[in-house]
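This briefing concerns a single protein chain and is meant to be read beside its sequence and coordinates.

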Amino acid sequence: MNYRHAYHAGNFADVLKHAVLALVIEHLKLKPAPFRVIDTHAGIGLYELQSEAALKTGEWQAGIGRIIDAKLPAAAAEVLAPYLGVVRSVNGPGPLTRYPGSPLIARRLMRAGDRLVVNELHGEDHEALERLFAGDAETKVLALDGWTALKSLLPPKERRGVVLVDPAFEEPGELERLVDGLREAVRRFATGTFLLWYPIKDMKSVAAFRGKIAELELAKVLCAELSVRSPDESARLNGAGLVIVNAPYTLTAKLKVLLPALARLLAQGEGATFLLQELAANASQHPG
Ligand SMILES: C[S@@+](CC[C@H](N)C(=O)[O-])C[C@H]1O[C@@H](n2cnc3c(N)ncnc32)[C@H](O)[C@@H]1O
């Protein structure tokens, strides 16, 4: 396990993933019944943007760094508000120095009585996550293999909630594992919302992945993709996508505002674009 999210925290891919996670949690809060958030590959939860790792790549500057003080059209500002509110809440006044990972974004948006389960296999990162949530009785920190967690933690007793599956993509075949993991997870927790993150490098693999998700024939599946440049070099992270199963009914309209705004603000070259597509029979497509 070489991947450390500290090098990448707050990059364009995190902005997309975390903005959507925040919207899903805000939707769950519309009903008073408690819900659960499960994060199978959680990272450390809070990142120092002046750390050696963050400074080495500078990725956050082309991600959250471009968004936090941007003059946004009103509709985009509204859609980004829950996410940006959490980013601001972990920073003091002045320039950004810290960035919240998915566990902390979730926790800050959740209510008393909602439960968070965060899982991280890397030893040091797991310890950091435990320190972050020490004394929080409504958050459980685990150190399981994420793919095992995806099975063993479902269904949650609340029978409502969101599961984020955000692997490191260090091992070959992780796109296929995502498909297999989703098939089994939905069987266990059919009413849950699932957010699956995937990298966009080589477009052929991404198209095959989308096809395999569509073949699962799940009722309500969206994919939302953001590409920051044309995919000319298939070894680079040219974009990032989310498969969203059981998306809140309001999410499509919000993504239609969010994705073009992010494609404009986070472009790193020619060909920055987005895709919003249903991954089901009779799929409709809204290319950017
Ligand atoms: C992309 S990062 C997670 C970022 C985090 N979800 C966020 O958005 O802030 C992926 C994480 O998965 C962890 N990881 C790698 N292999 C794992 C496994 N088999 N089970 C659980 N965690 C794993 C890595 O240590 C890394 O922290």
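The structure is a predicted model. Its chain contains ten helices and eleven strands. The radius of gyration is 17 Å, close to the 19 Å given by the globule rule for 288 residues, so the chain is as compact as a globular protein of that length.

**Overall dimensions and surface**

- Taken along the principal axes, the box filled by the C-alpha atoms of the chain is roughly 45 × 45 × 40 Å.
- Of the 288 residues in the chain, 54% are buried.
- The chain has an accessible surface of about 12,800 Å², and carbon and sulfur atoms account for 52% of that surface.
- Among contacts between residues at least 6 apart in sequence, 73% join residues that are at least 24 apart.

- Helix α1 covers residues 12–28, a run of 17 residues. From its first C-alpha to its last, α1 reaches 25 Å, close to the 24 Å expected at 1.5 Å a residue.
- Most of α1 is covered, with 15 of its 17 residues buried.
- Helix α10 (residues 251–265) has 15 residues, which should span 21 Å at 1.5 Å a residue. The end C-alpha atoms of α10 are 20 Å apart, in agreement with that expectation.
- In α10 the buried residues are L251, L255, L258, L259, A261, L262, A263 and L265.
- The cover over these buried residues of α10 includes the helices α1, α3 (64–67) and α4 (74–89). It also includes the strands β8 (221–227), β9 (239–245) and β10 (273–278).

- S152 belongs to helix α7, which spans residues 146–152. With a relative accessible area of 47%, S152 is partly exposed.
- From S152 to A128 the distance is 23 Å, C-alpha to C-alpha, and the two residues are 24 apart in sequence.
- The loop between α7 and β6 (161–165) holds P155. The peptide bond leading from L154 to P155 is cis, with omega near -5 degrees.
- E158 is also placed in the loop between α7 and β6. Its relative accessibility of 16% is under the 20% limit, so E158 counts as buried.
- Apart from neighbours within four places in sequence, E158 contacts P34, F35, R36 and R115.
- E158 and D14 are 144 residues apart along the chain, and their C-alpha atoms are separated by 27 Å.

**Strand β6 and L164**

- L164 is a residue of strand β6, and its relative accessible area of 1% makes it buried.
- Not counting residues up to four places away in sequence, L164 touches K17, L21, I38, D39, T40, S102 and L195. One of these, K17, falls within helix α1 (residues 12–28).
- Between L164 and V79, which are 85 residues apart along the chain, the C-alpha atoms are separated by 20 Å.

**Loop residues with positive phi**

- F169 lies in the loop between β6 and α8 (174–188). Phi of F169 is near 55 degrees, a positive value in a residue other than glycine.
- N246 is found in the loop between β9 and α10. Phi of N246 is likewise near 55 degrees, positive although the residue is not glycine.
- N246 has a relative accessible area of 18%; a residue is buried under 20%, so N246 is buried.

- K201 is placed in the loop between β7 (193–200) and α9 (203–215).
- At 35%, the relative accessibility of K201 lies between the limits of 20% and 50%, so K201 counts as partly exposed.
- Leaving aside neighbours within four places in sequence, K201 is in contact with V206, P231, S234, A235, R236, L237 and N238.
- K201 and G239 are 38 residues apart in sequence, and 6.8 Å separates their C-alpha atoms.

How values were computed:
Residues are numbered from 1 along each chain as its sequence is written. This is a predicted model: local features need pLDDT of at least 70, side-chain atom pairs count only at pLDDT 80 or more; totals for chains, interfaces and linings use all residues. Side-chain values use heavy atoms; hydrogens and water are left out. Helices (H or I, at least four residues) and strands (E, at least two) are DSSP runs, numbered from the N terminus. The radius of gyration is taken over C-alpha atoms; the globule rule is 2.2 Å times the number of residues to the power 0.38. Buried means under 20% relative accessible area, exposed over 50%, partly exposed in between (1.4 Å probe, protein chains only). Contact means heavy atoms within 4.5 Å. Accessible areas come from the Shrake-Rupley method with a 1.4 Å probe; for residues, only the protein chains shown count as cover. The expected span of a helix is 1.5 Å times one less than its number of residues.
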